Amino acid sequence: MQLFNGTLRCLLQAAHRPGKYAAHLSAAAAATATRAPQQQWQRHYSLSADPAPIAMAYEMFETPNTDTNKPPLMIMHGLFGSKQNWRSVGRAIASKTNRRVFTVDLRNHGDSPHANTHNSAGMTADIKTFLAANGISKVSLMGHSMGGRASMHFSLYNTQLVERLIVVDISPVSMPRTLDEMNSIMLGMQEVVLPSNIPLSEARQRAKQHLLKTVAADSVDFIMLNLRKRPDTGEFHWACNVDVLRSSLNGFLNYGRNIHNKGPFLGPATFICGSHSPYMNPDDWPEVLHFFPNANLHWLETGHLVHLEKPHDFIKLTTDFLNS
């Protein structure tokens, strides 16, 4: 993971910046504060054939000029992220494209329900359920990292439902060797124990000091956005479902096996990647075109968090693509 302190400041500002465009919160977000602790299960990332969908928490951005006849854009975050990381981008795209823009919390993240599995099939089922619940017959998808893989999986399995696809700094073909790093991060998160009688600010400092023993400082600051305090009991918990995510890590390597005989997706697609990030190998591009033959590839001088390190360039690329 390539997380930077400057990027963190962008995230924190985006999470608290008021907008002049309408933002609508889903009911799922309101229920999160009282979410019960999750029962422990054996979980797998890639092997659930018929997963039970969840109702994703979301925000919707629109302007007075929004054209509801246009397919809306759904934006999906990466691992440890949430819809709040995409508020500024969502507002800007809604303004510049006259589309409704939905930012969602994927399963086991943010304000969405925790599930016993974390896999591509489950996230595809969640997206399909979201479209049906909101009366959307055609959608454009944008996904970053884990969300990019979810958007690609959905597009390959449901080509008729997707107008356009934007994939941000992830390949459908290969993954960088970061599973050991992610496992260390999640193990550290599981080991954090905090008393319920301290304020959230102190809890974050204690958790941060524990994680700094094994995790880089800039990654720790990003992870701290997931620490929550239950208003009824004072208990601290992670917004992301660490137990399920950690037990699902090995399945990230099986993604290619799940899509090898699907698609292709023939609609317009664009990949926006960071030239300093390991998440898109240029050598993968011929194989990417096997799945997405009408795709093009853009490189920005960034690390993994392309949309936060070069927000103006990123928004121009995405809005030009959506408006073309």
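Reader: Why does arginine 257 count as partly exposed?

Author: In this predicted model, arginine 257 has a relative accessibility of 49%. Buried means under 20% and exposed means over 50%, with partly exposed in between, so the value of 49% places arginine 257 in the partly exposed class. Arginine 257 lies in helix H10, residues 255–259.

Reader: Which residue is 84 residues apart in sequence from arginine 257, and what is the C-alpha separation?

Author: That residue is valine 173, and the two C-alpha atoms are 9.5 Å apart.

Reader: What makes asparagine 119 count as buried?

Author: The relative accessibility of asparagine 119 is 0%. Since buried means under 20%, asparagine 119 is therefore buried. Asparagine 119 belongs to the loop between strand E4 (101–104) and helix H4 (120–133). The C-alpha atom of asparagine 119 is 9.5 Å from that of leucine 245, although 126 residues separate the two along the chain.

Reader: Where is asparagine 108, and what is said of its phi angle?

Author: Asparagine 108 is also in the loop between E4 and H4. Its phi is near 65°, a positive value in a residue other than glycine. Asparagine 108 is buried, with a relative accessible area of 0%.

Reader: Where does aspartate 169 lie, and why is it called buried?

Author: Aspartate 169 lies in the loop between E6 and helix H6 (179–191). Its relative accessible area is 0%, and the limit for buried is under 20%, so aspartate 169 is buried. Phi of aspartate 169 is near 50°, which is a positive value in a residue other than glycine.

Reader: Why is strand E9 described as largely enclosed by the rest of the structure?

Author: Strand E9 covers residues 269–274, and six of its six residues are buried, so the strand is largely enclosed. Ala269, Phe271 and Cys273 point one way from E9, while Thr270, Ile272 and Gly274 point the other way. In a regular strand the side chains alternate between the two faces of the sheet.

Reader: Which strands pair with E9, and in what sense?

Author: Strand E6 (residues 162–168) pairs with E9 in the parallel sense over four bridges. Strand E10 (residues 295–300) also runs parallel to E9, and six bridges join them. Leucine 165 stands opposite alanine 269 in E9, and cysteine 273 stands opposite tryptophan 299 in E10.

Reader: Which way do the residues of strand E3 point, and are they buried or exposed?

Author: Strand E3 comprises residues 73–76; Leu73 and Ile75 point one way, Met74 and Met76 the other way, and all are buried. E3 pairs with E4 in the parallel sense over four bridges, and isoleucine 75 stands opposite threonine 103 in E4.

Reader: What makes H4 roughly perpendicular to H5?

Author: Helices H4 and H5 (residues 146–157) pack at an angle of about 70°, with their axes 9 Å apart. Angles of 65 to 115 degrees count as roughly perpendicular, so H4 is roughly perpendicular to H5. Ser120, Ala121, Met123, Thr124, Ile127, Lys128 and Leu131 in H4 meet Met146, Ala150, His153 and Phe154 in H5. By class, this contact has seven nonpolar, three polar and one charged residues.

Reader: Why is H3 called oblique to H13?

Author: The axes of helix H3 (residues 87–97) and helix H13 (residues 311–323) come within 10 Å and cross at roughly 40°. An angle under 35 degrees would count as roughly parallel, and roughly perpendicular begins at 65; H3 is therefore oblique to H13. The crossing is right-handed.

Reader: Which residues of H3 and H13 meet?

Author: Val89, Ala92, Ile93, Lys96 and Thr97 in H3 meet Phe314, Ile315, Thr318, Thr319, Leu322 and Asn323 in H13. These residues divide into six nonpolar, four polar and one charged.

Reader: What makes threonine 319 count as buried?

Author: Threonine 319, found in helix H13, has a relative accessibility of 5%. Not counting residues up to four places away in sequence, threonine 319 touches Ile93, Lys96 and Thr97.

Reader: Which peptide bond is cis, and where is its proline?

Author: The bond from glycine 263 to proline 264 is cis, with omega near 5°. Proline 264 is in the loop between H10 and E9.

Definitions and conventions. Residues are numbered from 1 along each chain as its sequence is written. This is a predicted model: local features need pLDDT of at least 70, side-chain atom pairs count only at pLDDT 80 or more; totals for chains, interfaces and linings use all residues. Side-chain values use heavy atoms; hydrogens and water are left out. Axes are lines fitted to C-alpha atoms, for helices over the stretch in contact, and angles run from 0 to 180 degrees between N-to-C directions. Helices (H or I, at least four residues) and strands (E, at least two) are DSSP runs, numbered from the N terminus. Angles under 35 degrees count as roughly parallel, over 145 as roughly antiparallel, 65 to 115 as roughly perpendicular and the rest as oblique. A crossing is left-handed if the near helix is turned anticlockwise from the far one by less than a right angle, and right-handed if clockwise. Contact means heavy atoms within 4.5 Å. Ala, Val, Leu, Ile, Met, Phe, Trp, Tyr, Cys and Pro count as nonpolar, Asp, Glu, Lys and Arg as charged, and the others, Gly among them, as polar. Buried means under 20% relative accessible area, exposed over 50%, partly exposed in between (1.4 Å probe, protein chains only). Two strands pair if DSSP finds at least two bridges between them.
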